[in-house]
Amino acid sequence: MTRRVLVVKFGEIGLKGANRRFFERVFLQRMKDALSDLPGGPPWIEHTRGRFAVGLEGLREEEVVTRLRRVFGVVELAGAFKVEADLDALEQAARLALEEALAAHPPGATVRFRVESRRADKRFPLNSLELDRVLGARLLAAFPRLKVDLGRPEIRVEVEVRDEGGYAYARTYPGPGGLPVGTSGKGLLLLSGGIDSPVAGWMSLKRGLELEAVHFHSFPFTSERAQEKAMDLARTLALWAGGQMVLHLAPFTAMQRAIRDLCPEELGVTVMRRMMLRLSGLLARRIGAQALVTGESLGQVASQTLQSMTVISQATDLLVLRPLVGMDKTEIIELARKIGTFEISSRPYEDCCSLFVPRHPATRPRPEAVTRAEARLPADQLLEQTLADVQTHRLDGRLRHR
Amino acid sequence: MGAQRPEIYLDHAATSPPHPEVVHEVLRAMRETYGNPSSLHRKGLEAERAVGRARETLAAAIGARREEIVFTSGGTESNNLALRGALRALGHRGRHIITTAVEHPSVLEVVRDLEGDGFRVTLLAPDRDGTVRVEDLGRALAPDTVMVSMMAVNNEVGAVQPVAQAAALLGRARPTGGRPLFHVDASQALGRLPLDAAALGADLVTFSAHKLGGPKGAGGLFVRHGTGLRPLLLGGGQEGGLRSGTENVPAIAGMAVAVDLARRELPERTAVMSELRRHLIEAVFGGVPEARLNGPAACADTSDPFAGQGGAAPHIACFSFPGAPGEVVVHCLEEEGIYVSTGAACSSRKRRRSHVLEAMGLPDADVDSAIRVSLGPETSDADIDRLAEVLGRVVRDIRRFARR
């Protein structure tokens, strides 16, 4: 019997030795999350050593591919035909795969191809090379327009013989790589409305971090639409995290006012960022996150000098991950476009009129000056109040699967 | 956040809350008059009658004949239909259009588009207070001018435009045929100032329902008998073939109720509201002494508002508070339960500045800090006092951020 399946190849998970079972279990769950909005719920997923195969019965391959290409850990997807591990059946599967691939080429034109076999089940009588040769010859006989080219084939028919059966495919899709979300612990992303922080969130998701996000808003000094924007960004990030993401909205207006009224103007930004980190630290403890993630990159703006970042980091004991530190703005923008956050970030509602940015922010704030400035703030009380007023939303991005 | 306080809605020029009788009528029509006016059976007839009654009501309110009213989806569609529809019919007579720099985008964008089709457009610049001058119109007229479009009341600063005077000028311009068509966007005027389309001398007049307590999605275009016009929407031939598409019966019925209420209350309402506007200006200057008023200070003469005497509509006043970005003021007032609009939306990435205030020649600081307050029938003196008090507090607070 021939079945249509999507073979899922994953990379680093396989290397994780004793933890492999845990990783694979999480990976399977993430795939199910990503497929949960398909009509009829997530399809059947077969798990064998080093492989997952998603049954495509009643589904279009494309709708499954779109979703699984957003699951970290996926290295490659292959639209395959699954059969019994039997030479004739394998030939049949290879023919079907080849026919599909040929449809993309102009009719009648000669097409270069090769067969590439892997024999994982050593009980199978032919080894990989023999299988290549036998299947290659049979396909060549069946399709007169083919020409063998081992070096630069236009179609690569891959055949795998495994314990549970055989697969043949000629169409593959690259996955995002990385580690399944939830295999590296939990982090809290400081999500502004800008271009950088969603990309930083995406990169930490890619390394397997489970993520919640916090957005600071200063309504009425910033628009309420800035919050909508943060929610929209979280929905898009959610797509890469299995479909949902928790976003905490932290009202920071009272803090902003206090900083304005009590701290020297040039230290305003430094103190504000420190307070954001402190609040994030409190929130992280509440939700069980072990690290903070920010979109900071070195030297992009005045507050991101080494001196500034040092003083700001000292506001928290938590590890602060800055995944963008090695990236240029153009690279960040390119990635933001790919993730789908760039359009949202480019909406104009952020930091209306830059009310909070002083004309001359300190680029090298001295720690003692910052300590003195903060001593004038009723910081603990303000942070406690902010934490109490945090609103938490669970956002669903799955309507955006395309 | 904070204690429960009554909302004060002062954004009637954007849209006005529907009158309870309007809501009742829309609901009733949705429940009972759900037929398609084109259907042959009784349900269709009932709906057709409802639309007919609404047409009669609107016609009576503006001194028009029933067959001179075309129902549309609102002001934007009416403006599009008036300009594009008339020029499709008469464009061969000339290629020159005159309008003003302070029109609504649904006029300005259409004429900009028509420019691409080969029309020449002259934009009349306003005075410092937002009023255009009929002398400028006279100077701009060319032998091939086919269309003049002028709003009755400017939506941002409330300036009343000399549309009656303009109509008279156009009537004298070329007495022997070929007179340019005259379109008036009266979206902000209906229900606020006495408006008689026939007496006004315009060929096309735009109306909107939701600016005067009616439902959104309904509006009208007065098309003077004999005016050539070609439809933009083709189909079943509704509205005398000028606007195909199944009539929005509930919204049209609701619009008629709103128009009728406004007509009956108009004389009293304009007097009360003119007084309110005086109070508003005084109170705002009391709360924020360094405020500036954009647009005319005094209200227009409500017995004959469009004759070129200038003045403002009684329901709109626009202020600037330099140093306090308009968008921030809007949000701060919102937090106190008071709703107004900006004259300009401002953001760090993109600036959408008010074309009206810029055309009036206001300095940037005034454009960026402009706030429009627009009154409605339910606005009270106490509302205005509260607005002034909160404004004083809020503008001071914002300036402490912006002082830097």
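Biologist: Which residues does A:Val75 touch, not counting those up to four places away in sequence?
Modeller: We're looking at a predicted model: local features need pLDDT of at least 70, side-chain atom pairs count only at pLDDT 80 or more, and totals for chains, interfaces and linings use all residues. Residues are numbered from 1 along each chain as its sequence is written, chains are lettered from A and ligands numbered from 1 in the order written, and side-chain values use heavy atoms, leaving out hydrogens and water. Contact means heavy atoms within 4.5 Å. By that rule, the partners of A:Val75 are A:Lys9, A:Phe10, A:Gly11, A:Tyr173, A:Pro174 and A:Gly175.

Biologist: What does its relative accessible area make A:Val75?
Modeller: A:Val75 sits in strand β4 (residues 74-83) of chain A; helices (H or I, at least four residues) and strands (E, at least two) are DSSP runs, numbered from the N terminus. Buried means under 20% relative accessible area, exposed over 50%, and partly exposed in between, using a 1.4 Å probe and protein chains only. A:Val75 has a relative accessible area of 40%, so call it partly exposed.

Biologist: What C-alpha distance separates A:Val75 and A:Ser218?
Modeller: Along the chain, A:Val75 and A:Ser218 are 143 residues apart.

Biologist: How far apart are the centres of the two domains of chain A?
Modeller: An automatic or database domain assignment sets the bounds, giving domain 1 (3-174) and domain 2 (186-400) in chain A. The contact takes 8 residues from domain 1 of chain A and 9 residues from domain 2 of chain A. Taken over C-alpha atoms, the centres are separated by 43 Å.

Biologist: Is A:Leu237 buried or exposed?
Modeller: You'll find A:Leu237 in helix α6 (residues 224-238) of chain A. Not counting residues up to four places away in sequence, A:Leu237 touches A:Leu189, A:Pro198, A:Gly201, A:Trp202, A:Leu205 and A:Met245. With a relative accessible area of 0%, A:Leu237 is buried.

Biologist: How many residues of α8(A) are buried?
Modeller: Helix α8 (residues 268-287) of chain A reaches 28 Å from its first C-alpha to its last, close to the expected 28 Å, which is 1.5 Å times one less than its number of residues. After α8(A) comes A:Gly288, with a positive phi near 75°. The helix α8(A) is largely enclosed by the rest of the structure, because the buried count, out of 20 residues, is 15.

Biologist: What's the phi of B:Glu239?
Modeller: Most residues other than glycine have a negative phi, and most peptide bonds are trans. B:Glu239 lies in the loop between β8 (219-223) and α8 (249-287) of chain B, and at 9% relative accessibility B:Glu239 counts as buried. B:Glu239 isn't a glycine, yet its phi is positive, about 50°.

Biologist: Which kind of peptide bond joins A:Phe219 and A:Pro220?
Modeller: A:Pro220 is placed in the loop between β10 (210-217) and α6 of chain A. Omega for the bond from A:Phe219 to A:Pro220 is about 5°, and the bond is cis.
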